[in-house]
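Hi,

Here is the structure I said I would pass on. Have a look first, then read my notes below.

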Amino acid sequence: MGEKTHAHPGAAGGVPAAGHPSDVRNVVLVGHSGSGKTTLVEALALTAGAVNRAGRVEDGATVSDQDEIERRRRRSVHLSLVPVAWDGRKVNLLDAPGYADFVGELRAGLRAADAALFVVSAAQEAESVAATTRAVWEECALVGMPRAIVVTHLDTARTSFEEMTRICAETFGGDDPDAVLPLYLPVLGPESADGHAPLTGLTGLLTQRILDYSSGERAELPPAPEQEEALTQARDRLIEGIIAESEDESLMERYLDGGGGGDIDMATLIADLERAVARGTFFPVLAAAPAAEGARQGIGTVELLELITRGFPTPLERIPPVVTTPSGEPEDAPVCDPEGPLLAEVVKTSSDPYAGRVSLVRVFSGTLRPDDTVHLCGHGLDAAGQATRPCHEAEIRVTALSSPFGRQQHPVGRCVAGDLVCVARLGEAETGDTLSASGAPVLIEPWSTPDPLLPTAVRAHGKADEDKLSHGLARLVAEDPTLRLEQNPDTHQVVLWCLGEAHQEVALERLRSRYGVQVDAEPHRVALRETFGGRGAGRGRHVKQSGGHGQFAICEIEVEPLPAGSGIEFVDKVVGGSVPRQFIGSVEKGVRAQAARGLSAGHPLVDVRVTLLDGRAHSVDSSDAAFQTAGALALREAAADARIQLLEPVCEVTVLVPDDYVGPVMSDLSGRRGRVVGTEQSPDGRTLVRAEVPETEIGRYPLDLRSLTHGTGRFGRTHARFEAMPPQLADRVRAERGGRITRRVTGALSQTPPASPEVRGVAGIRAIRCGRSSEGMPRRVVGHTRRSRPCGEWGRQWPTTYSTSHPGRRSRSRGPAASRWRPTPWPRRRTGTARWT
């Protein structure tokens with residue numbers, strides 16, 4: 001999944017492909033951000049001989065963090081695969097990001113793996129560990145993932161393995177005291193001047209041997225006589241926990257009859273340990289520390305690899321995912337058999353500068369070989385971005401297979417069931433797509449992904465970036481299923497929905513560095529609506545005669561508000577044929593077109609009934625276009641006669657937080673003009689708060705909630721309805737709308753000669769409409785209509801301008817060619833139309 005050059009500084013070569021599913025172990029390392037997952041992967045690779053020396057996260061030299069963004073940020077943001085070999089088995093180590101914004105990568109790792117190593121830092125406070133790890137633990141429990149716990153950072157001062165084990169038992173064990181127990185106990189060296197005793201080895205409870213690492217190499221020693229009693233007590237409790245969680249009644253009888261676990265052979269204990277871990281009811285605890293300078297093994301890494309290869313379940317024991325046909329009919333999932341029908345899934349998609357699009361594939365059944373023809377079938381989203389549906393199918397040919405190792409790709413000849421492999425140029429494959437046997441297509445049910453709730457509006461930085469923007473965004477969304485792309489038809493913004501601020505920054509940085517698209521982020525605008533606050537009447541008169549065929553149309557309408565959700569109703573009450581029947585539809589078309597453009601702030605008009613009462617027509621000059629214009633003019637006049645309300649979308653918000661944060665969350669929702677409609681108590685010490693909050697107030701709520709609850713809160717939202725916006729906020733929105741129009745017009749006028757301040761614009765125009773000057777600028781008069789219109793109703797056209805500071809000058813502004821200024825007499829009053837963007 002990277003370049004074919006620039007190998008890891010300590011790379012020792014690739015790992016041979018597995019020959020059978022029983023020889024594969026797929027393990028994902030999960031945990032909170034900063035717990036030491038990447039460092040642990042590096043230590044395991046060093047112990048297994050996959051690298052000659054371990055890299056450091058601070059130096060950007062680790063195998064896992066091969067992306068430039070990760071090296072620069074010194075934090076994992078992508079799921080990475082590091083295969084190693086141990087005891088004749090292939091171990092696929094999947095390093096998942098721990099930051100909450102990249103939970104999509106974590107869930108992809110959970111789909112690819114068969115077990116998880118839950119990494120916890122002993123250097124964190126107890127309250128912080130319980131708060132930050134609960135969400136990640138629940139992600140694993142949601143899919144029934146077998147887990148073991150690894151305690152890291154024990155080389156830090158004032159850390160305690162026993163205290164961290166107690167916290168993990170309380171946080172993850174629930175009411176079962178035997179669910180979380182240590183397999184090894186730490187051995188501490190002499191205390192230093194600051195009172196800290198370094199970690200020098202481990203004590204194996206099952207083997208009853210001391211594993212000493214003080215010399216830099218692993219050495220087995222017998223326990224001291226004074227340690228035997230405490231060691232026996234801890235071993236007996238561990239054996240009782242393994243037997244209880246594995247529900248092995250025969251072994252329990254042997255244990256009770258023998259008076260202890262001394263006569264139970266090691267193979268039987270390991271088999272029951274593997275059964276208890278695979279059931280997801282027993283979570284062994286281990287300790288680990290990176291290798292010392294010059295050492296070939298880190299403390300606890302050999303024990304971790306032994307647990308993975310001997311105590312973790314194989315792909316043969318995993319329950320296969322739910323499978324359907326492309327049309328949605330249930331289908332029996334094939335078992336994990338290398339000789340069975342092909343069933344594989346793309347768990348990650350990335351772009352390589354040399355190999356193009358690279359897909360990381362997990363094979364659940366069958367064997368994948370180069371040059372095979374397979375059926376590709378993928379999921380998509382409906383128009384609302386909610387429900388999944390089959391969106392693309394194709395018969396494609398598999399190209400070369402490779403095993404990733406950092407930025408290297410090692411070619412492999414095949415990939416059996418249970419293993420992971422990279423495939424380059426796999427057609428239009430996206431993350432979550434299914435590969436199946438040609439002629440027997442099936443579709444794997446996709447894993448659940450959180451809804452991205454943080455919007456970011458993006459636009460191309462320059463003209464050269466506009467052509468590449470759509471392609472870059474499409475590739476970005478295809479790689480990351482937690483991103484959602486929206487083209488808002490009301491605000492005309494391209495909106496990228498992300499999971500958080502870090503997710504947003506990484507996505508935009510990837511656009512710039514990987515796809516060469518320079519983009520600018522701008523504030524996200526919420527799509528509002530307009531409606532009439534009362535009845536209004538308007539008369540639209542469109543009469544023009546300039547020689548030849550003229551334009552003549554007059555119509556009179558009445559507008560009244562309707563209940564929410566009614567849309568726009570058009571009623572014809574013309575009598576006597578004052579408006580010919582063929583032009584009734586023209587008036588309706590003009591009214592609906594003006595309603596879509598908006599009246600006071602440029603937002604669509606909804607929930608009104610427009611009644612056509614009367615009008616006039618000309619036998620020659622009346623036309624469809626004339627009555628469309630008259631209908632639009634009549635609606636605008638009716639808006640001037642009535643009160644226009646702005647409607648804002650209101651969302652139903654659900655917030656799940658620990659009980660300690662219910663008060664602050666409810667106060668925060670009230671401060672956002674929200675209405676709390678109820679609360680529900682959860683059995684795990686959390687509360688679900690239901691509220692209705694305007695969408696304009698929760699644009700950055702994911703970030704505020706994370707800060708308010710220290711990362712323990714979750715929320716979701718759905719659209720409920722539109723409600724009237726308070727008048728003071730509506731006036732502010734209209735003012736901001738006018739400011740945006742002013743900036744656009746000023747930008748257009750900047751193409752005229754950069755002369756005196758009268759060319760600077762619209763501020764002077766708006767001031768003249770209000771009967772005053774602006775900031776001492778010379779007044780500037782613009783060709784106008786008899787009835788003034790808001791700026792939002794003007795179209796894109798260059799106006800004729802007149803300057804009061806130079807009364808004898810006039811110019812027809814037509815973009816860059818407007819530099820030809822000529823003296824003319826002061827014009828008479830104009831009755832034409834002055835239109836602006």
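In α1, Leu40, Ala43, Leu44 and Thr47 meet Thr301, Val302, Leu304 and Leu305 of α9, where contact means heavy atoms within 4.5 Å. By class, that contact of α1 with α9 comes to 6 nonpolar, 2 polar and no charged residues (Ala, Val, Leu, Ile, Met, Phe, Trp, Tyr, Cys and Pro count as nonpolar, Asp, Glu, Lys and Arg as charged, and the others, Gly among them, as polar).

Before going on: this is a predicted model, so local features need pLDDT of at least 70 and side-chain atom pairs count only at pLDDT 80 or more, while totals for chains, interfaces and linings use all residues. Residues are numbered from 1 along each chain as its sequence is written, and side-chain values use heavy atoms, with hydrogens and water left out. Helices (H or I, at least four residues) and strands (E, at least two) are DSSP runs, numbered from the N terminus.

Back to that pair. Helix α1 (residues 37–47) packs on helix α9 (residues 301–311) at about 85°, with the axes 9 Å apart (axes are lines fitted to C-alpha atoms, for helices over the stretch in contact, and angles run from 0 to 180 degrees between N-to-C directions). That makes α1 roughly perpendicular to α9 (65 to 115 degrees; under 35 is roughly parallel, over 145 roughly antiparallel and the rest oblique).

The other pair is α14 (residues 662–671) with α15 (residues 701–708): an angle of about 150°, axes 10 Å apart. These two are therefore roughly antiparallel. Pro664, Val665, Asp668 and Leu669 of α14 meet Tyr701, Leu705 and Leu708 of α15, giving 6 nonpolar, no polar and 1 charged residues in the contact.

Now α13 (residues 624–641). Its 18 residues reach 26 Å from first C-alpha to last, close to the 26 Å expected at 1.5 Å a residue (1.5 Å times one less than the number of residues). Its buried residues include Phe627, Leu633, Arg636 and Glu637 (buried is under 20% relative accessible area, exposed over 50%, partly exposed in between, with a 1.4 Å probe and protein chains only). The buried residues of α13 pack against several elements, among them β30 (536–544), α12 and β33.

Most residues other than glycine have a negative phi. Yet arginine 74 has a positive phi of about 55°, and aspartate 607 is near 55° too. Arginine 74 sits in the loop between α2 (68–73) and β2 (80–86) and is exposed at 53% relative accessible area. Aspartate 607 is in the loop between α12 (584–597) and β33 (608–617), but is buried at 8%.

Cheers
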